[in-house]
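Please keep the sequence and the 3D view open while reading.

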Amino acid sequence: MKWNRWLLALVLAGLWPGLAAAAELDGSQLSALWAVPFASLLLSIAVMPLAAPFFWHHHFGKVAAGWSLAFLLPFALVFGPAMAGVNLVHALLAEYIPFMILLTALFTVAGGIYIRGNLHGAPVLNTAILAIGAVLASVMGTTGASMLMIRPLIRANDNRKHQVHVVVFFIFIVSNAGGSLTPLGDPPLFLGFLKGVDFFWTVKHIFPETLFLIGSLLALFFLLDSWYYHRNREVRPVDPTPDTRRIGFDGKMNFLLLGVIMGLVLLSGVWKSAVVFDVFGTERGLPGIVRDIGLIIVTLISLNITPRKVHEDNQFAWGPMQEVAKLFAGIFLTIIPVIAMLKAGVNGPFGAVVAAVTQPDGTPDPAMYFWASGILSSFLDNAPTYLVFFNTAGGDPQVLMTTMATTLAAISAGSVFMGANSYIGNAPNLMVKAIAEDRGVKMPSFFGYMAWSCGILVPLFLIMTLIWFR
């Protein structure tokens, strides 16, 4: 992206010798005003598609770049270009670029698999697809499962008048809740795995919560979908997708590539190497570099071996990926001071948030950890939010997995489950929305979607709090 390269050149030009020497950003010394660009970007994502849809559709990348500059330039003036450069490089090399490489690989490989045949979107079938997607999400990640399953689900329901609820519940179940059982499922759990949490710890400790949430959502979906389906004239007389004789898969080699992606991600967490490269103060370990290079190779292989007809049948296009890349570039940059202020704990501008998760006797309050990590994960990136509360709870994986298991379960569940509360809580949410809109589904606005999540998810989260996190 041109504006990202321009931002990088602006800060780094002529300043390389001083970058590595710049100190880490101390969030306790920041004013809450530094969060304004981030909040403004979120508000733009929420409001501008409604207030100025034509402008937003053609210029959302420029809006994200504008708010990024509104943070970066004043930050460079106040704290110095070296400090700005260090934080920019860290955001790009340690977070944004690996994040986008993984998303691009999953988007490309899943987009190279075409489920042949015309499924008919009746309530039983739709519910079954959501359940299968939920299982796949913990195996191949919420992004991989979302990209694989969303296209055939939309195609199965393209002869129905009401489709929005199908996509909304898909985001709830497949793009979020389904990824809660393994570190491969969702980035927060993968970060916990890198910190020392056992691979199977989450499936052992939050399986009942996951089963309750997904089971409740599937039941609610079935009832709602049945009501829509049996209404008069719900199914259009002409199905835009013709029937074929048999159901099958085209682009099967991409299943093997999905396995390679899973292996690369898992390898980067298991493989320990002393080889570390320092890039202007940002350390990149050899396992992470090998993973990213491997993912790029997998992406290129998929593009070359996938028949053109598979991409045409899947209506594969880069538009959704470009939207996610541009918006999340702005989010990853403007979130820099927000994360620093949260890391400052009770001494930072957001000290009240950190203090709220501790009981008067100094012990952690699992219910507050669940809601604090969840609410922040609804609007911030859920991976760094998980790390903030992981460290707030002590940061010792052995203690958190044993004597503080309920607290770690609350942090894990809140970070993963409540990513479904908004379009930006988890990257697949925005990708699924973009793909659905590209297929002609009139998705709800930012606040319209939150009306769905507040009405359906929040009551379930309250029940979970009373049962498991008191």
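## Helices and their packing

In helix H8 (residues 187-195), the buried residues are Pro188, Leu189, Phe190, Gly192 and Phe193. Buried means under 20% relative accessible area, exposed means over 50%, and partly exposed lies in between, with a 1.4 Å probe and protein chains only. Helices (H or I, at least four residues) and strands (E, at least two) are DSSP runs, numbered from the N terminus. After H8 comes Gly196, which has a positive phi, near 120 degrees.

This is a predicted model, in which local features need pLDDT of at least 70 and side-chain atom pairs count only at pLDDT 80 or more, while totals for chains, interfaces and linings use all residues. Residues are numbered from 1 along each chain as its sequence is written, and side-chain values use heavy atoms, with hydrogens and water left out.

Helix H7 (residues 164-173) is mostly covered, with nine of its 10 residues buried. These are His165, Val166, Val167, Val168, Phe169, Phe170, Ile171, Phe172 and Ile173. What do the buried residues of H7 pack against? Their partners are helix H6 (123-156), helix H10 (207-229), helix H21 (427-438) and helix H22 (446-468). Contact here means heavy atoms within 4.5 Å.

Two packed helices are described by the angle between their axes and the distance between the axes. For helix H14 (residues 319-334) and helix H15 (residues 336-343), the angle is about 40 degrees and the axes are 4 Å apart. H14 is therefore oblique to H15. On the contact itself, H14 contributes Phe332, Leu333 and Thr334, and H15 contributes Ile336, Pro337 and Val338. By class, the contact of H14 with H15 holds five nonpolar residues, one polar residue and no charged residues.

Some terms in this description need their rules. The axes are lines fitted to C-alpha atoms, for helices over the stretch in contact, and the angles run from 0 to 180 degrees between N-to-C directions. Angles under 35 degrees count as roughly parallel, over 145 as roughly antiparallel, 65 to 115 as roughly perpendicular, and the rest as oblique. Ala, Val, Leu, Ile, Met, Phe, Trp, Tyr, Cys and Pro count as nonpolar, Asp, Glu, Lys and Arg as charged, and the others, Gly among them, as polar.

## The whole protein

The protein has 22 helices and four strands. Its radius of gyration is 22 Å, close to the 23 Å that the globule rule gives for 470 residues, so the protein is as compact as a globular protein of that length. The radius is taken over C-alpha atoms, and the globule rule is 2.2 Å times the number of residues to the power 0.38. The C-alpha trace spans about 65 × 50 × 45 Å along the principal axes of the protein.

Of the 470 residues, 56% count as buried. Among contacts between residues at least 6 apart in sequence, 82% join residues at least 24 apart. The protein exposes about 19700 Å², and carbon and sulfur atoms supply 67% of that area. Accessible areas come from the Shrake-Rupley method with a 1.4 Å probe, and for residues only the protein chains shown count as cover.

## Selected buried residues

The table lists relative accessible areas.

| Residue | Relative accessible area |
|---|---|
| Gly345 | 12% |
| Thr465 | 10% |
| Asn314 | 2% |
| Ala367 | 14% |
| His311 | 15% |

The contacts below leave aside neighbours within four places in sequence.

Gly345 lies in the loop between H15 and helix H16 (351-355), and is in contact with Phe350, Gly351 and Val354. The C-alpha atoms of Gly345 and Ala355, 10 residues apart along the chain, are 7.8 Å from each other.

Asn314 is in the loop between helix H13 (308-313) and H14. Which residues does Asn314 touch? They are Ala110, Gly111, Gly112, Ile113, Tyr114, Arg151, Arg155 and Arg439. Between Asn314 and Ile113, 201 residues apart along the chain, the C-alpha separation is 8.0 Å.

His311 belongs to helix H13, and is in contact with Gly111, Gly112, Leu303, Thr306 and Phe316.

Thr465 is in helix H22 and touches Ala367, Phe370, Trp371 and Arg470. Ala367 sits in helix H17 (residues 366-379) and touches Thr465 and Phe469.
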